[in-house]
Amino acid sequence: MSEVYIDPSPANFQAFKDLPRDEPIHMLNLLLYRDLAEYPEGHEHHGNGWSGRRAYEEYGKTSGPIFARVGGSIVWRGAFQTMVTGPDDKIWHDGFVAQYPNSGAFFEMIKDPEYQKAVVNRTAALTDSRLIRFKPGEAAGGFG
């Protein structure tokens with residue numbers, strides 16, 4: 001089985017923190033949901049029978065106001081269809097690109113106590129994910 005990722009490694013998060021903090025960023029999110037969400041024992045949603053997708057919807061509902069408050073927006077969203085270039089066995093359920101005015105806004109979001117409560121839904125929902133930072137560029141007519 002290939003490695004799975006839900007949270008950033010300390011080294012990857014440090015690399016993120018070392019990048020410029022005063023420019024807009026785009027965050028590509030790739031999501032693979034669990035069949036059944038895995039909430040920790042004692043959590044209000046533990047044992048409720050939610051699918052991973054349903055738990056991720058709860059994450060969106062509970063984190064969305066914080067995301068909007070820091071200036072975040074979704075600039076693209078899509079549902080996976082097939083891998084064209086990449087490992088044949090790697091699939092994703094959904095993907096989206098979140099835009100932040102700067103990385104400081106992202107840090108503000110993840111440090112928010114209400115966000116920290118909401119992120120439990122994300123962890124319960126996902127069996128694998130990728131979060132990739134990009135510096136936004138100009139859209140043009142060609143690939144170059």
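**Helix H2 against helix H4**

I looked up the packing of helix H2 (residues 52–69) on helix H4 (residues 113–125) in this predicted model. Their axes lie 7 Å apart, at an angle of about 160°. Axes here are lines fitted to C-alpha atoms, for helices over the stretch in contact, and angles run from 0 to 180 degrees between N-to-C directions. H2 is therefore roughly antiparallel to H4. The classes are: under 35 degrees roughly parallel, over 145 roughly antiparallel, 65 to 115 roughly perpendicular, the rest oblique. Helices (H or I, at least four residues) and strands (E, at least two) are DSSP runs, numbered from the N terminus.

I then listed the contact, meaning heavy atoms within 4.5 Å. H2 brings Gly52, Ala55, Tyr56, Glu58, Tyr59, Thr62, Ser63 and Ile66. H4 brings Glu114, Tyr115, Ala118, Val119, Asn121, Arg122 and Ala125. By class I find eight nonpolar, four polar and three charged residues in the contact of H2 with H4. Ala, Val, Leu, Ile, Met, Phe, Trp, Tyr, Cys and Pro count as nonpolar, Asp, Glu, Lys and Arg as charged, and the others, Gly among them, as polar.

**Ground rules**

I note that residues are numbered from 1 along each chain as its sequence is written. The model is predicted, so local features need pLDDT of at least 70, side-chain atom pairs count only at pLDDT 80 or more, totals for chains, interfaces and linings use all residues, and side-chain values use heavy atoms, with hydrogens and water left out.

**Glutamate 57**

I checked glutamate 57, which is found in helix H2. Its relative accessibility is 48%, so glutamate 57 counts as partly exposed. Buried means under 20% relative accessible area, exposed over 50%, partly exposed in between (1.4 Å probe, protein chains only). Its C-alpha atom is separated by 8.7 Å from that of arginine 122, 65 residues apart along the chain.

**The sheet**

Next I traced the open sheet of four strands. The order is S2-S3-S1-S4, with antiparallel pairing. Two strands pair if DSSP finds at least two bridges between them. Strand S2 (73–79) and strand S4 (126–134) stand at the edges with a single partner strand each, so one side of each has no neighbour in the sheet. Neighbouring strands are turned by 15° against each other on average, direction ignored.

H2 packs on this sheet and touches S1, S2, strand S3 (94–100) and S4. The direction of H2 makes about 10° with that of S3.

**Strand S1**

I counted eight bridges from strand S1 (residues 25–33) to S4. Seven bridges join S1 to S3. Asparagine 29 stands opposite leucine 131 in S4. Leucine 32 has aspartate 128 of S4 as its bridge partner.

Nine of the nine residues of S1 are buried, so S1 is largely enclosed by the rest of the structure. Ile25, Met27, Asn29, Leu31 and Tyr33 are buried on one side, and His26, Leu28, Leu30 and Leu32 on the other.

**Helix H1 against helix H3**

Last, I looked at helix H1 (residues 10–18) and helix H3 (residues 103–111). Their axes come within 10 Å and cross at roughly 135°. That makes H1 oblique to H3. Phe13, Phe16 and Lys17 of H1 meet Ser103, Phe106, Phe107 and Ile110 of H3. By class, this contact has five nonpolar, one polar and one charged residues.
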